[in-house]
Amino acid sequence: HCVADNLIMAVGAFQPENKKLPDLKGYTGKVVHSADYVNNKEFAGKRVLVIGVGESSADVTTDISEVAKSTTVWSRRPFMIAPRYPNKTLFTKDFSESDALVTGRDSKNNMIYKAADFLESATTHRIGGLLPLYLFAILRRGMIGFGGIGLMGKGLKQMSVWATLGMGNGTTKLMGDQSLVVTKSSRMSQACSEGKMDVVVSKTAEFFGTDVVFPDSILRNMEEFEKPQSLIFKDIDVIVCCTGFKPVPMKGLEHIDLDVRSWYKNCFVPGYDDRLAFLGYARPHQGGLVAVSEMLARYCALLARGDRKLPKNYAELAKVEGGLSDAYFSQAHQTQQLVDYPSFMASLAKLVGCEPDMPSPFNFSLFARYWTFADWPVWYRQRGPGANPEALKQLMSTCRFQDHMCPEYAMMLVAEILFLFPFLPLYRIYSVLEPLIAIGEEDVLHPGWMYFRRKIDLLHSTA
């Protein structure tokens, strides 16, 4: 028995005993969940259907496709993937992400170590946060369009077709990759390009013994259908469900409202103040869950010590941010935990009091890394509670700008800077006009938000 003033649940949102399994009525074969997957040996020579297109599915499916007689991947809705190593995937001939994960090298036997090689640099660097979302998305769509040429890395054409369908039309298309959950792996598209698997998008599936019918398919591999078609796959031996987990609190906390977007900074439940906190529920759209949880843990520690206080209107602030997130991540209704990593980290840094100081332009190397490298957690150890500036200094000493930049990434940064300058005066004008054109409540995105507000200010800047 223990009596405590504060309870911090740092076990994350998803537990193995809370596996989420779809309705497979009519299917008589074997069903397993990806949480129980060990290796691909038990799938050798079998016909396998994998449900889901997230990171676990990309890895599990690709491994299974190496030994299975046939592998089919089913997604209920259009989806989008992004390569773990975008520059290598786009610009290195015959680059294989699967091989790189094993060897740490690209197809030319070069080591993959540069900061610019990794997806997080392209998606969380600070210059990108200064752009309006519209221009940020144009650059992402340009990268996808280049991938459609398919001249370099494996699976680029598949990636481009899937992304174009996944972005949808209207506002979501203008938002690029921002409105939906993005699978951070190109292994599946590369395996599909090699003919090792089928990928089907269909709203529903019907099961008859071991046969599966997709009655309203809109895509198979690279072929997008003008009208939904019925596809049949026979004699499926095993179904692997890469369908995630249900977020369920620990025993005794079943009464907690699991509408995570009603929690302040996706951590503090309304009505409990700082006495109850959940870590691991805020999931970045891009960037690290561990990094976000660490920042929240620092804030929780300050609250527990009495060095900080929650805003008195924290429940109302959470409602505002939740409404904005609902509108922003409009194609990700199944993933209520999504947050925008750069703006979320910036808002938490204000609460903790550890906003990094921008280096002097006269120290160009550090200044350039501050603006162009990924928004690593170590930047937030520069000052404030729990500061460890020596850690940042040591990392920067082993991560020199000239050693970790590459021409392709530099070209993207130059394009962003050129796009940015004309919009700087427009931001100031819009900040004056926005209160006059605002329609509705605070928890909606006001007219012009996509074009005249900085991306980093859109979601998590309430307090």
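Which residues lie nearest the centre of the second largest cavity? I started with this question, and I note here that the model I am reading is a predicted one.

**Entry 1: cavities**

I found that Arg261, Asn266, Glu321, Gly322 and Ser325 lie nearest the centre of the second largest cavity, out of 13 residues that line it. Its volume came out at about 80 Å³. I looked up which elements supply at least two residues each to this lining, and they are α11 (314-328) and β14 (338-339). Helix α11 gives the most, with 4 residues. By kind, the lining of the second largest cavity divides into 6 nonpolar, 4 polar and 3 charged residues.

**Entry 2: the largest pocket**

I turned from cavities to pockets. The largest pocket has a volume of about 1,400 Å³. It is lined by 43 residues, and I wrote down the closest to its centre as Gly54, Val181, Thr243, Arg283 and Thr335. Four elements are listed as giving two or more residues to this lining: α1 (55-65), β4 (70-75), β6 (182-184) and β13 (283-284). I sorted the lining of the largest pocket by kind and got 20 nonpolar, 17 polar and 6 charged residues.

**Entry 3: the second largest pocket**

I then looked up the second largest pocket, which holds about 430 Å³ of space. Of its 23 lining residues, Arg126, Pro342, Ala346, Lys350 and Ile456 are the closest to the centre. The elements that give two or more residues to this lining are α5 (126-130), α12 (341-352) and α13 (364-372). Which element provides the largest share of the lining of the second largest pocket? I found that α12 does, with 6 residues. The division by kind for this pocket is 10 nonpolar, 7 polar and 6 charged residues.

**Entry 4: Trp371**

I picked Trp371, which has its place in helix α13. Is Trp371 buried or exposed? Its relative accessible area is 19%, so I put it down as buried, the cut-off being under 20%. Beyond its neighbours within four places in sequence, Trp371 is in contact with His125, Arg126, Ile127, Leu130 and Met358.

**Entry 5: Asp177**

I found Asp177 in the loop between α8 (171-174) and β6. I counted Asp177 as buried because its relative accessible area is 7%. Its side chain makes a polar contact with the side chain of Gln178, at 2.8 Å. Which residues does Asp177 contact, leaving aside those within four places in sequence? I listed Met80, Arg140, Met167, Val182 and His285.

**Entry 6: Gln158**

I looked up Gln158 next and found it in helix α7 (residues 156-167). Gln158 counts as buried because its relative accessibility is 9%. Setting aside neighbours within four places in sequence, I noted contacts of Gln158 with Ser189, Cys192, Ser193 and Met222.

**Entry 7: strand β11**

I followed strand β11 (residues 238-241) along its side chains. Val238 and Val240 point one way, Ile239 and Cys241 point the other way, and all are buried. Which strands did I find paired with β11? Strand β2 (residues 30-33) pairs with β11 in the parallel sense over 4 bridges. Strand β3 (residues 47-51) also pairs with β11 in the parallel sense, over 4 bridges. I looked at Cys241 on both sides: it is the bridge partner of His33, and Ile51 stands opposite Cys241 as well.

**Entry 8: Phe208**

My last entry is on Phe208, which lies in strand β8 (residues 206-208). Not counting residues up to four places away in sequence, Phe208 touches Gly26 and Val213. I also took a distance from Phe208 to Pro422, and the two are 59 Å apart in space, C-alpha to C-alpha, and 214 residues apart in sequence.

How values were computed:
Residues numbered from 1 in each chain as written. Predicted model: local features only at pLDDT ≥ 70, side-chain atom pairs only at ≥ 80, totals over all residues. Heavy atoms only, no water. 1 Å grid on protein atoms, 1.4 Å probe; cavity = no way out; pocket = protein on both sides within 12 Å on 5 of 7 lines; lining within 4 Å. Points joined across faces, edges and corners; volume = space filled by probe spheres on them. Nonpolar A, V, L, I, M, F, W, Y, C, P; charged D, E, K, R; others polar. Buried < 20%, exposed > 50% of the residue type's maximum accessible area, 1.4 Å probe, protein only. Contact = heavy atoms within 4.5 Å. Pairing = 2+ DSSP bridges. Polar contact = N/O pair within 3.5 Å; in protein donor to acceptor, adjacent residues only side chain to side chain.
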